[in-house]
Amino acid sequence: MTFWNFARKSALRKPLRSALLIVSVAMTFLIYGLTAGFVAGSQGTAAASDELLGVMNAAGRGQPLPMAYLSRIAALPGVADVSPITRLRGSVGDARNVVAVSAGDPDKLLAVSGADLGLTPSLIDALKSRRDKVLVGQSLAQAQGWKTGDSLTVTAFRTKKDDGSRDWRFEIAGIFEGKNASTDTHFILAQYEYINKARARGIDTVWAFALRPEPGMAAQDLAPQIDALFANSAAPTRTMSEKQFLSAFLSQYADVKRVITLVVGVSFVTLLMIVINTMVFALRERRFEIGVLKTLGFRSPQILLLVLAEALFVFVVGGAIGLVVAKLISLATPPALGLVIGAQVSLRTIALILLLGFVAGLLPALSAMRTPILAAFRTR
Amino acid sequence: MTISEKDIPFIALNGVSKTYRSGSERLPIFAGLDLSIGKGEFIAVMGPSGSGKSTLLNLLAGIDQADSGSIQIGGQRLDQMGEAARSAWRAQHMGIVFQFYNLLPMLTAAENVELPLLLKSISGRVRRERVSKVLDIVGLNGRGRQSPTKMSGGQQQRVGIARAIVADPTLLLCDEPTGDLDRKSADQVLAMLGFLNRELGKTIIMVTHDPEAAAQAGRTLHLDKGVFVEDEQVMA
Ligand SMILES: Nc1ncnc2c1ncn2[C@@H]1O[C@H](COP(=O)(O)OP(=O)(O)OP(=O)(O)O)[C@@H](O)[C@H]1O
Ligand SMILES: [Mg+2]
């Protein structure tokens, strides 16, 4: 028997009580693991750039800006490259199979977003080889089973062609992979010129301008200068970094996140109270025993460690079960649900398990440590 | 007459006073108690209930502290040690046997005996050897895996004695070790304590109400109202 074996046997002295405690700890960490995994899986902002700026209509998303702004923005000192962006949303085949198409100036896209999206000069050359060529992001290509050379027809929700049809035919010139695994590549890159010329309405307007500041020019300094340029025009602008934009876009979701965080927080506090309460009661039954240990020569720090180890044991076993079950669930659900329990979430959960185990054990441990030793010798 | 080891005081109490206070109430137990015990002695402490027998053992064990006076054991001033030092001292030099055995129910008999060894840095193999050896001494070899909750009182007390001697202490403190046992079991336990004293040289201080138990001891101290009223020396 080692000291840790002894702690384990002490913790499991009442199997039913231990089992119930472990189950409630497991449940709590299952909930935590799933929520944290959901948040990690759905959070696009992690990979978003702080450097790229997007210029949009201050009146709100979806409102267009005149293409004529392009030259004025490009002429501003500190702007390295700028590309017009127009968007088109529609379905491919099945009406529920929704895809997003972003169209820009191929060379400028390379300069502005090339590094983030994983665009290469050869990909851009392939894109430019014909006006209806497109590049497809790896994540979307994988989900749809598309490959280079395939043709696809996007039936736009709104954007009509000048012949009245809403079917846009494209041919895939290549696949872009994104800078890393967390880059959003679930969209199609098309050419602004093609879409702009072919659409029935909104010619020479853009949804946004994407721009990269010159090296040494801070994005947050450049943004107000751009907005100042158009402050008194018919369509004032609002310039944000890609990250700000995504955060704003996700803000509704962020509220949900806050609620979930609150619920998880409350369940943690409840769990802590239950465990601490149970352990304090368990210790009261054991005052006598702790006195015996002390008369045998166990010192206060060892008693502290013993009780802490018991709490940690309950949390480590319960927490591990909860985390493993959460991981299994994340593997069993379709990726579209956005449930990702990777190394980061796992490590954070493990740290939390240890922290809470420690907190839950500390109070009972301190009280055990202070148990008067004479309690052992006095007759019961 | 030669001076034997027994004549050099192993335990020396000088002017020990102890008063329990609860609120404004004062309960004096000892006022200037002196006591001298030689190494290898087997002492029985008798006296009416409430005379301070357990308090004396608690002071000797260092789990309670005197208000004044000195308590010396093996040349060390117990009353001048801090709590941690007293714990370490107990773990190293003292074995304690309780009236109600005080075994831990979730451990087997052998694990209960092993408990004091967890405080020592010795290998698992040596620990198991020591446990098996002391279980042999108390006549319980082969029962190590049994739960103490399934044992008779006499067997449980023998486990308690094994636990008290497993770390090889020089001093055994026993508070009514046979108080909860039938005659036969009590005699076995007393025989065992006699053996530990004679053959292994343990100094034993045993509180008891049982005259037959006291007869096992080399000397009986009678405690009444906080003082030793007579000091019987059993001549060998
Ligand atoms: N921690 C304590 N606080 C207050 N009073 C105490 C405490 N411990 C013991 N006493 C009191 O001190 C007196 C002596 O107690 P002690 O336990 O030493 O007696 P004892 O001789 O062992 O008696 P018994 O034969 O009944 O075991 C008793 O009156 C007891 O109530
Ligand atoms: Mg007593």
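## Surroundings of B:Ile43

In this predicted model, B:Ile43 touches B:Ile37, B:Ile204, B:Ile205, B:Met206, B:Ala217, B:Arg219 and B:Leu221, with residues up to four places away in sequence left out. Contact means heavy atoms within 4.5 Å. B:Ile43 sits in strand β3 (residues 42-46) of chain B; strands (E, at least two residues) and helices (H or I, at least four) are DSSP runs numbered from the N terminus.

B:Ile43 counts as buried because its relative accessibility is 0%. Buried means under 20% relative accessible area, exposed over 50%, and partly exposed in between (1.4 Å probe, protein chains only). Between B:Ile43 and B:Val207 there are 8.4 Å, C-alpha to C-alpha, at a sequence separation of 164 residues.

## Nonpolar cores

A nonpolar core is a set of buried Ala, Val, Leu, Ile, Met, Phe, Trp, Tyr and Cys residues joined through side-chain atoms within 4.5 Å. The largest has 82 residues, and A:Phe6, A:Phe315, B:Leu60, B:Ile73, B:Leu115 and B:Ile205 have the most contacts inside it. Helix α10 (residues 251-295) of chain A gives the most to this core, 12 residues.

B:Leu115 touches residues of chain A, including A:Met1, A:Phe6, A:Leu293, A:Leu296 and A:Phe298, as well as B:Leu104 and B:Leu107, again leaving out residues up to four places away in sequence. A second, separate core of 37 residues includes B:Val159, B:Ala164, B:Leu181 and B:Leu190.

## Confidence and conventions

Chain B has a mean pLDDT of 90, with 94% of its residues at 70 or more; pLDDT is the predictor's confidence in each residue, from 0 to 100. The model scores ipTM 0.88 and pTM 0.66.

Residues are numbered from 1 along each chain as its sequence is written, and chains are lettered from A and ligands numbered from 1 in the order in which they are written. Local features need pLDDT of at least 70 and side-chain atom pairs count only at pLDDT 80 or more, while totals for chains, interfaces and linings use all residues; side-chain values use heavy atoms, without hydrogens and water.
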